[in-house]
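Thanks for coming. I have one model to go through today, and I will keep to what can be read from its coordinates.

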Amino acid sequence: MRAGASAAGLAWGSLRLRLLAGTLVWIVASIVIAGWGLNSLFSRQVTMQFDADLNNHLDQLIAQLAIGVDDELSMRGSLSEPRFSTPFAGLYWQVDAAMRPGAAALPGVLRSRSLWDSVLSVPVDPLGDGQVRVHRVEGPNGNSLRALERQIELAERPGQPLRMIVAADERLLLAPIASFTRLLIIALGVLGLGLVAAAVVQVLIGLRPLGLLRETLARVREGRAERVEGHFPSEVQPLVDDFNTVLALNAEVAERARLQAGNLAHAVKTPLAILANAAARERTPFARLVEEQVAGARNQVDHHLAKARAAAAVKASGLRCAVRPTVEGLMRVMSRLHVERGLRIEWTGTDAEAVFRGEEQDLEEMVGNLLDNACKWARSRVTVRLVGDATMLAVVVDDDGKGLPDAVRAAVFARGVRADEQVQGSGLGLSIVHDLAQLYGGAVALETSAMGGVRAVLSLPRAA
Amino acid sequence: MRILIVEDEPLLAAQVIQALAEADYAVDHADNGRDGCHLGNVETYDAVVLDLGLPLMDGLTVLRKWRADGRRMPVVILTARDNWHDKVVGIDAGADDYLAKPFHMEELLARVRALIRRAAGHASAELVCGAVVLDTRSSRVTVDGVVISLTSHEFKVLSFLMHRQGELVSRTALIEHIYAQDHDRDSNTIEVFIGRLRRKLPPGLIETVRGLGYRLTGPA
């Protein structure tokens, strides 16, 4: 993956971000709900336990209640819980009773020692016999207390109900809940972080084949591979297969375009040849016109066919072609076609590994035209050199001819302009080289050769 | 000099045949690859003009078959497929020259002349034998700088002998190289042409090797 990819990976529209955001929302929501649920369950449980304890104390209190002979209320003994006897220990009991039948209950007739001299003020509300009610009341030193109240009526004292009250400091209930909540938050936090980390790892591993696919595609685009190779997960493999099919189809289309271009050339040029030959036998202005127009038509056909072929090839991907053997084939052709000139055509330096990122026929078309020109203009010698760096390669063709004036040099690339009308050729060679090189992102330049003639430098993209 | 043209387009073939005949070549024509291949294998040609897009057998296959069978006659490919790739393929298949359509007939004639001359080992366009000079470009023969007039057949015989100076040329070889395939061949006419040539050329130039044929020898 390239350096820029991680920054781009965070942008909206990134699969990674979408997957991560989705997982994150899900994790946070489930942890919050779980935390809230667990906490309420625990609070309820603890509160029930707390109330059950208070209820026990209440039962004990009722059991210890005694009535003396003078109708006086008293306790048979102290309650077993020592905190009832320690002042302000947080656990209290109290008995409210009416002195006479029908009178309102008098609070604090009997009280635990822990209440010292204070009396709990529990709101009065009618209760059935044996019914229990929970109240929140203020304690002796200002603390909130949770109080359990039950009303009883002793057989000895008909019509004089007693309110039996047991209360405990609310902090005794809230402290364990708070401590549980704290622990719960820590535990769920750790769980959440673990889940997020797992999700990140899962997304990275899950999406890695896409990164791999991207690298492979880049290799195809750069001409280092002709198709997407390698095993991909079953979700991605159909995509890869389809892509390979498209690549193959593309290559087929390019090949068909070449073939059709060749067929078109054949179909058009043979009638042109017949016309030109027939006209050449006549000495009339009409015959000259035909000859001229045939030459023009031939130039147009050559030029546009070369460009159409190249355009098809440039769009295709994964093309590569070794430069040296291609140039050597052309050198064989040159020494045959220009055999009358007795030229020496030779290498002066070569990078044997150089591979052109493009179609072999286009390389042949470019180098062929340059070599052909050099052979036409040379006096005795044409040299070819192959140089290059990591991204570009250059084919340098030198001849020892008489060279080109600067003004002509710029003009020769214009279609149909010939540097030297005496040297046979369509005049299109260089402009085709120029157009093809440009299509491939390369260039061609004419310089002065150390051998005295023209040096043509054709630079082209190199395949890795 | 006898030339085979393999070309399926009848009009173009007729034009080339006419031009070659006017340049005093004996011309055979095949309009498909299979016939062309057969003719090249059984007849003797000084040069072949070969199209590539041919019915029945394509030109490259024909050429490769000839070369595989050891047929060494010079071949110029005449085709509309003129990109450099096709030229590399053509030359590597054994072609000696390559000419793209449309072409100038003079260009084709010049290439054919040069091919025949080079195949016979002559570097210059002018063939010289003593006082006799034959300019292959203009089909003109001079003796001591004076142009002499020759009939078409006389020129064909002299041209063939000039290309093979010093070699013994049989009567059969002469017949094969100056008449097209469908021509009525009479070996006695060769003697007539030789007799006429001897009267127009310096004495002793054409030597008769009894029972074997003729030899053109310049002054030692």
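First, the conventions. This is a predicted model, in which local features need pLDDT of at least 70, side-chain atom pairs count only at pLDDT 80 or more, and totals for chains, interfaces and linings use all residues. Residues are numbered from 1 along each chain as its sequence is written, and chains are lettered from A and ligands numbered from 1 in the order in which they are written.

Confidence next. pLDDT is the predictor's confidence in each residue, from 0 to 100. For chain A the mean is 83, and 88% of the residues reach 70 or more. Helices here are DSSP runs of H or I with at least four residues, strands are runs of E with at least two, and both are numbered from the N terminus. In chain A, helix α1 (residues 3-9) has the lowest confidence, a mean of 44, and helix α2 (residues 15-64) the highest, at 92. Residues 1-9 of chain A have pLDDT below 50, and this stretch has three contacts in the model beyond near neighbours in sequence. A contact means that two C-beta atoms, placed from the backbone, lie within 7 Å. Residues 418-426 of chain A also stay under 50, with 10 contacts beyond four places in sequence. Where pLDDT is low, the predicted coordinates should not be read in detail.

Now the chains. Chain A has nine helices and 14 strands, and chain B has eight helices and 12 strands. Of the 464 residues of chain A, 27% are buried; for the 220 residues of chain B the figure is 45%. Buried means 20 or more other C-beta atoms within 10 Å of the residue's own, exposed means 12 or fewer, and partly exposed is in between, again with C-beta atoms placed from the backbone.

How do they meet? 25 residues of chain A are in contact with 23 residues of chain B. On the chain A side, α4 (237-280), α5 (285-315), α6 and α7 each give two or more residues, and α4(A) gives the most, with 12. That side divides into 11 nonpolar, seven polar and seven charged residues. The classes are Ala, Val, Leu, Ile, Met, Phe, Trp, Tyr, Cys and Pro as nonpolar, Asp, Glu, Lys and Arg as charged, and the others, Gly among them, as polar.

Helix α6 (residues 323-337) of chain A and helix α4 (residues 84-92) of chain B have axes that come within 9 Å and cross at roughly 70°. The residues making this contact include L330(A) and V333(A) of α6(A), and W84(B) and I91(B) of α4(B).

Now one residue, D97(B), in strand β5 (residues 97-100) of chain B. Is D97(B) buried or exposed? D97(B) is buried, with 23 other C-beta atoms within 10 Å. Not counting residues up to four places away in sequence, D97(B) touches L337(A), V76(B), R111(B) and L115(B). The C-alpha atoms of D97(B) and R111(B) are separated by 7.6 Å.

Last, the cores. A nonpolar core is a set of buried Ala, Val, Leu, Ile, Met, Phe, Trp, Tyr and Cys residues joined through C-beta atoms within 7 Å. The largest has 112 residues, and L458(A) and I3(B) have the most contacts inside it. Helix α7 (residues 360-377) of chain A gives the most to this core, with seven residues. Another core, of 21 residues, lies apart from it and includes V95(A) and L115(A).

Conventions:
Axes are lines fitted to C-alpha atoms, for helices over the stretch in contact, and angles run from 0 to 180 degrees between N-to-C directions.
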